[in-house]
Amino acid sequence: MALDIQTLEDSYTDSCRRHGVLPNAAILSSLFKAERKKSCHELCSLEILIDDLRDIDFAPLLDICTDLDNSEIEAVDVRTESACVLNGAYALSLMRAIKQKLRVVNLQDLSVGRDFLRDISQRGLACQVLTLKFSHFRKLNLVGEFMHLHTLSLDFSSSLTSFQEECFNCMPRLMCLSMCETRITNLWTTVAALSKLPSLIELRFQYWQCCNDAGISLLSSSGKSDDTADCSLLNKAPFVGELCTETRELTKPNLSAEDPLIRLYSFDENIQSMVEDSSDDSEDDFTNHNHRYWQSDSFSGWNLQLPFQNEFMLQKEDGAESSQGSFSGNIADVSMKYMSCHTSPICYEKHYREFMIASLPNLKILDNLPIRKIDRERASEIVPQHFEYLPYRRKQKQSVVSILQTREIKSSHNKVHTSKSLPSCPSGNSQYFYTRSLSAAKMGSSTWPSLHPLSLSECNLDRSLRPRQFEYHPSDSSLMVFGTLDGEVVVINHENQHVVSYIPSLGAMNSVLGLCWLKKYPSKLIAGSDNGSLKLYNIHQTPKTTTSVYGNSSGVTFDEFDQLTSVHVNASDELFLASGYSRNVALYDINSGKRLQVFTDMHHGHINVVKFANHSPSIFATSSFDHDVKMWDLRQKPIHPCFTASSSRGNVMVCFSPDDQYILASAVDNEVRQLLAVDGRLHLVFDIASTGSSQNYTRSYYMNGRDYIISGSCDEHAVRICCAQTGRRLRDISLEGRSLGSSMFVQSLRGDPFRDFNMSVLAAYMRPGSKSEIVKINLLASVDHTKDDFDEQRPFAFQSMGA
């Protein structure tokens, strides 16, 4: 027979007497309220308010919790209502003791420490609703059993940046998930994590708030007015289909009949029909921006102008777009605004809404806006236009084993027919078919790629190195050279992380900004520093450590080029060019060590980068902050350029594709364009969102030959990978700093010339005085998950997202 509530209360007072403490008035009150609910034939639930408990109150409370399974209590809610500090071990013991009757756990603002969060993550909870607002997760890794959980809120967890690969593996019933005002940015890793939630139907990374011209906010979850936009908004705004007491199918969202969102999304039917329409027929340094809005400029009806950052376009129910990306409907004779509140940075990614809708086909509500059938149709059109699902346009994921088996079968078949005819390539495909298929298969199984910072701890160097520029060796796949902020040049075997050659700075303190290997003489390289010095080094004639700082490392010295920023050697290893903070370019003869000529006034602004073509020793290109990229030919005594191509912003850099067919130009704030090298015509514009910063210097290079481009900017922590033929985004990779609040940015990057889908990134910290790191990235390998998700001292962390 179930214990009645009075018996529980008596048991509690007896336990208090045994432990020598007075009964807690709040616990007695909760028991009284539970008995009252039972007498009114309501759900007999016990609410435990953490705020009212002291450490000494837990022992007697735990005693009665062990009897709850055999009592009349049907559900137990554990809550906090204000910020408080609590021993996490007591809170965990309480929730574990309640067992299967634990219904709601709301621990927002609760300071419980790292051990508490780790225990929940690893062991799980038996509750149905879990609220961990303002939590200190950094990389979410909820791998424990949450078998009954249907609602999870992690709002205002400002440390949360990404997900571990195993996250959400044991949440079969999770239907509603909210992560507003977090720091999550990466579309790819986010979708990969959320795809493991089979029951997820409602998701929030922001909250669309409706208000009129008088400034009155209308909360779409309740229909009530509120003129505030602080964190209390989400407390008052439950999920559209919030489940309060038990797991059940979404039937009707909790919207007021007078709410503008209801009227916006339903002309003849209620919102439930929209949810049904969208069910199973679909295709498969942060600045905290709290408010974005759509402005209505029509008084006779709605005309919602949508934010550029979200690229979110409403359409009429008949499928036709209204003019200028707006929506019209007979809703109300009032001008309204929609404000995006508590927005996570992922929402500012271009085509965010379409990407999420296309990638999560079971989702019914996104950011408190229902997903209609027409929204799914739009997403199925937009996503393939702007995103590449797998490399080399592969449509479906394949296993490496199946591809190898197919190759062997075809190879055996060809050998049988060698006496009759020449073996043919795979049906209609190039000689690279299998290599590309294997790359696609590996990337398809590695949403979280491997990121590995180069470590010089085993090199016996007596000082810390601060990289500023680097280059892969053109013929030795194991070598890389980097220059430092202190004027050193270091050649390293990046495979075993051993120093091959160390060249100290012998002059005044300076930064090495220009590095270029010679191709025909693989032991030689040109190095240029911002103080103007230019030298040719032979790495076979330099020491390996700093112990011989006065060894034979002087090299060949060239005439200085003031305020140097770039050097580059031509295809025949006879000449090299230097540019810097001037409008001039200097031409040097490598064999004689002399400066041959200075070409003056080649641009109206300073020339940031100069690059020779890879195969034509007389052709070179320049990029300038005067907005122009120019092609020049030494045979024509460069007075007039072969062509000039202009950007809307200052050009940071330019480079040729490996076959010299294209030129890749990168201008400030993610303006990346590909030009035809033959005449400078625009071939492709890469659709990368701008940040609005005039200091967001963008650099882009080719990867996998000229198949893909990688792009990164100094105000952002993302490296983006795009197809060089279509411009579609393949993946983003995001870098995180050593500790909370230490943002990183992309200072430089290069594709590995010997390994497909491998690259290195020079990542620097926003914090002054912090050390830069060269990070090797392998998109075809999985990340190591052995690091602690809460460890603030780990050397490096990441989110995948494409450069």
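Modeller: A residue is called buried under 20% relative accessible area, exposed over 50%, and partly exposed in between (1.4 Å probe, protein chains only). This is a predicted model, in which local features need pLDDT of at least 70, side-chain atom pairs count only at pLDDT 80 or more, and totals for chains, interfaces and linings use all residues. Residues are numbered from 1 along each chain as its sequence is written, and side-chain values use heavy atoms, with hydrogens and water left out.

Colleague: What is a salt bridge, and how many does the count come to?

Modeller: Side chains of opposite charge can pair when their charged atoms come close. The rule asks for a side-chain nitrogen of Lys or Arg within 4 Å of a carboxyl oxygen of Asp or Glu. By this rule there are 27 salt bridges. In one of them, R54 meets D57 at 3.3 Å, N to O; D57 is buried at 0% relative accessibility, whereas R54 is partly exposed at 46%.

Colleague: Which parts does the pair of D77 and R103 tie together?

Modeller: The closest N and O atoms of this salt bridge are 2.4 Å apart. D77 lies in strand β2 (residues 75–79) and R103 in strand β4 (residues 102–106), so the pair links parts 26 residues apart in sequence. Strands here are DSSP runs (E, at least two residues), numbered from the N terminus. Both D77 and R103 are buried. Salt bridges with shared partners join E47, D77, R79 and R103 into one network.

Colleague: Is R468 buried or exposed?

Modeller: R468 is buried yet has no salt bridge; D530, the nearest side chain of opposite charge, is 7.5 Å away.

Methods: Lys, Arg positive; Asp, Glu negative; His and termini not counted. Helix = DSSP H or I, 4+ residues; strand = E, 2+ residues; numbered from the N terminus.
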